[in-house]
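Here is a short briefing on one protein model.

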Amino acid sequence: MWIPIQINENSAEPLYHQIETQLRSLIINGQIEEGKLLPSIREFAGGLSCSVITVRRVYQDLESEGLLRTKQGTGTFVAKVGQPKREVFRREAVEEALNKAVDVGISVQCSEEELRELFLNIVNIKYHQTKEGEV
């Protein structure tokens, strides 16, 4: 099974975190269905050109969150994630990204009003583009 994960080798974000964040999103959004068998750790690591230790950590972290389950001798599967849990994960992901964005804005001395204006402009652009793309 091929999983659409994009790795940015120039990013300051650790490799395992890039993989974990993207895999979590694919599971939460339902792009990887509940019950789906994931590639073995070795297979996934080979496909991403990263270490087995990196993928093992991703699988362990997501299993501890309840998003994956491992059956000895069978493999790692996407766990059943109910709608309430999906909503919590979705909201947490957005809050985390917004917190980081605000931290960056503060670090470069943007005012609260500048941040609000930037945020609203980006939201308007993104949603407008999405709607145009659907038409």
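A pocket here is an open set of points on a 1 Å grid over the protein atoms alone, with protein on both sides within 12 Å along at least five of seven lines; a 1.4 Å probe fits at each point, and lining residues have an atom within 4 Å of a point. Grid points are joined across faces, edges and corners, and a volume is the space filled by probe spheres set on the points. This is a predicted model: local features need pLDDT of at least 70, side-chain atom pairs count only at pLDDT 80 or more, and totals for chains, interfaces and linings use all residues. Residues are numbered from 1 along each chain as its sequence is written, and side-chain values use heavy atoms, without hydrogens and water.

**Layout**
- The protein has five helices and two strands, taken as DSSP runs numbered from the N terminus (helices H or I, at least four residues; strands E, at least two).
- From the N terminus the order is α-α-α-β-β-α-α.
- The C-alpha trace spans about 55 × 35 × 30 Å along its principal axes.

**Second largest pocket**
- The second largest pocket holds about 410 Å³ of space.
- Its lining has 15 residues, with Thr21, Ser25, Phe89, Ala93 and Val94 nearest the centre.
- H1 and H4 are the elements that each give two or more residues to this lining.
- H4 gives the most, with eight residues.
- By class, this lining has five nonpolar, four polar and six charged residues.
- Ala, Val, Leu, Ile, Met, Phe, Trp, Tyr, Cys and Pro count as nonpolar, Asp, Glu, Lys and Arg as charged, and the others, Gly among them, as polar.

**Largest pocket**
- The largest pocket has a volume of about 500 Å³.
- It is lined by 18 residues; Leu98, Ala101, Phe119, Ile122 and Val123 lie nearest its centre.
- Helix H4 (83-107) and helix H5 (112-134) are the elements that give two or more residues to the lining.
- H5 gives the most, with nine residues.
- The lining divides into 14 nonpolar, one polar and three charged residues.

**Helix pair H1 and H3**
- The axes of H1 (residues 15-28) and H3 (residues 52-64) come within 9 Å and cross at roughly 45°.
- Axes are lines fitted to C-alpha atoms, for helices over the stretch in contact, with angles from 0 to 180 degrees between N-to-C directions.
- In H1, residues including Ile19 and Leu23 meet H3 residues including Val58 and Leu62 (contact: heavy atoms within 4.5 Å).
- By class, the H1 contact with H3 has seven nonpolar, one polar and four charged residues.
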